[in-house]
Amino acid sequence: MLRLVAVSPAASLPLFPTDHPRRRFPAIPSSPCLALPPLPLVRALDGGSSPCRPSAFAALSSRRGSVNCELLPSSPLQLIAPYVEAEWELILKGWLCSAVSVYCLARFVPKMGQLSSVMGRYGPERLLVEVMKLASLGVIRSVACYLQQAYLWEAALRAVCKIRVDVFGKLVHRDLGFFEGRGGIPTGEVAHRITAEAKDVADTVFALLNTSLPNALQLMAMATQMVVISPVLSFISALVIPLMSLVVAHLGERLRKISQEAQSSAARLSAYLNEVLQSMLVVKANNAELSETSRFQKFAYDDLTKLLKKRRAKVFVPEIVKVIHIGGTLLLCAAAVLASRGLFDSSYMVSFIISVALLVDPIEGMGKAFNELKQGEPAIERLFNLTNFRPQVIEKPNAVDRDSVAGDIKFCDVTFRYEETTRPVLDRLNLHIRPGETVAFVGPSGGGKTTLTKLLLRLYDPQSGQILLDDEDIKGIRLRSLRGHIGLVSQDVALFSGTVAENIGYKDLMGEINMELVEKAARTANAVEFIRNLPDGYDTDLGQKGSVLSGGQRQRLAIARALYQESSILILDEATSALDSRSEGLVRQSLESLTANHTVLVIAHRVETVLMADRIFLLDGGQLEEVSRSAFLSRDGKPAPPMANGLIV
Ligand SMILES: Nc1ncnc2c1ncn2[C@@H]1O[C@H](COP(=O)(O)OP(=O)(O)OP(=O)(O)O)[C@@H](O)[C@H]1O
């Protein structure tokens, strides 16, 4: 006896903000708690083409989708260098300002030392002039310092923004397995890396830019002053520096490790929040508020422990650096002794003291920058690690674009398993779907129905066998072209924030949405009536994940989107289980209109949908078996109720 088994999977539709005039929305989510756009749909619609411009980082990979771990430089600084170099104009401006600031300081210090003697030698008028000069130098230095920091922050933030865009551009090219497989990184953690940890990278870049040349200049200027005034004392002060460098280097390495742990715990917290906040319905329905609070508490306290450790280490290094101040004080005592013996003019004493104080300043700054670097290194690595992968689905260099396809699909001896150790989901499977045919798949949950459609979209490649589209191996067709010819309506329709028009015209999100086509698609999908009743019609913002719509309305929008794509092949993962009978009827009507001019693969949940198909296949244990329509009909010729005849639909 045949068993008819049921259907499943899911889909979801994210929106990317653009500046298209019809788009009013919002918002690349800044919170790590907001999930990344669900990838399967993004890929199914556009082949995963990157929205970002080519960049310095792009040069590291030889072609789109071919990022390879060996191509990435190993040092975190090497990773960010191309982005920072690209901001050279801003950096140059910042450093010129720092040169002005150090010049003012170099003029200020000797003048300050001579101030006491001016009064005695030239009288109060000259003193006033000198004080005015000092004040002018002080003001110019402050302005230069401000501009220096403003330019360097801009350079750092711009560099990190480009890193983010490039990382995301590479991330969306990762194989689907990374996002839904067992070995992947939770989407909440990915979001955390691209948001919060990228901010750490910006702090690091700024600290490096703001301390490297500016501090070196100040150090040189002050050291020169000191050597001119007293080479002996300068030598004594120089002894302290190497000692301090050793201590700082040791502590820096420790800080790096601690920072890595802190970032991981923050990312775990973020991933947890991302998961639980999206499942509030389930949490509440299961009275799980308390247990989730206690789980959150565990994550939060773990994060607290790591954060405390990091903060303690972070304040420790500058304190060690401050020890140099004590060295400086001892130096002053020595200077006083030497001065009293007449070894150098006591009028230079003030200049020397100020020079020592201002010499300590950049050294302390370097200690802090070192801190930032050690803290930022793990963030840089974790961010770039997202792009460090060897793709499984590789587009051939000689792959071709297909302008149109008839929709003839052949699975030839296809074997596929998700992991080497597991049994095949599809086992030497053969299937021929003719152009314009509608084929329904039924079978037990986990039987491999969705997997079959994922292989057709080349979201995964089979381990053996071939899939032919119009008698051409799909591996010979460019991914973008292949996926452009296949429309997907998945079961869990998660719309994205944005307008109705944007959700339907998702394919053209980066270009011009064709409103005529949007309206035509909406009509065919039976969606016009409810769209008209929305406050702004096609311009109505659907809220996060289309939360303002009912299940049936979301389904029909997803169908309209598939229609908008005008593809020859359609994959329908029917999802009518949650719909009332009117909605279900409307969805079914729209599905029927889809089957008219397309080759359709439908994963059917309901007998009525199964009966729309020309042929029906049971997929179980990796094998396909054709089932006659009569197995789904009761004796009076009407659709059999679910579970009838031992078949589950
Ligand atoms: N990304 C993945 N990594 C590892 N295993 C997976 C992955 N996706 C699916 N599987 C496994 O492959 C098998 C087939 O899954 P698939 O989603 O294709 O089944 P299905 O027939 O569509 O099931 P359902 O009707 O419940 O949606 C299942 O055992 C599932 O656990």
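The protein chain comprises 18 helices and 10 strands, taken as DSSP runs numbered from the N terminus (helices H or I, at least four residues; strands E, at least two). The model is predicted: local features need pLDDT of at least 70, side-chain atom pairs count only at pLDDT 80 or more, and totals for chains, interfaces and linings use all residues. Residues are numbered from 1 along each chain as its sequence is written.

Of the 649 residues, 44% are buried (20 or more other C-beta atoms within 10 Å of the residue's own, with C-beta atoms placed from the backbone). Contacts require C-beta atoms, placed from the backbone, within 7 Å. Among contacts with a separation of 6 or more, 83% link residues 24 or more positions apart.

A nonpolar core is a set of buried Ala, Val, Leu, Ile, Met, Phe, Trp, Tyr and Cys residues joined through C-beta atoms within 7 Å. The largest holds 73 residues; Ala-440, Phe-441, Ile-504 and Ala-560 touch the most other members. Helix α16 (residues 551-564) contributes the most to this core, with 7 residues. Another core lies apart from it, with 57 residues, including Trp-95 and Leu-359.

Four strands form an open sheet in the order β2-β1-β4-β5, with antiparallel pairing; two strands pair if DSSP finds at least two bridges between them. Strand β1 (residues 409-416) runs antiparallel to β2 and is joined to it by 5 bridges. Ile-409 stands opposite Ile-433 in β2.

Notes: Buried ≥ 20, exposed ≤ 12 C-beta atoms within 10 Å, placed from the backbone. Contact = placed C-beta atoms within 7 Å.
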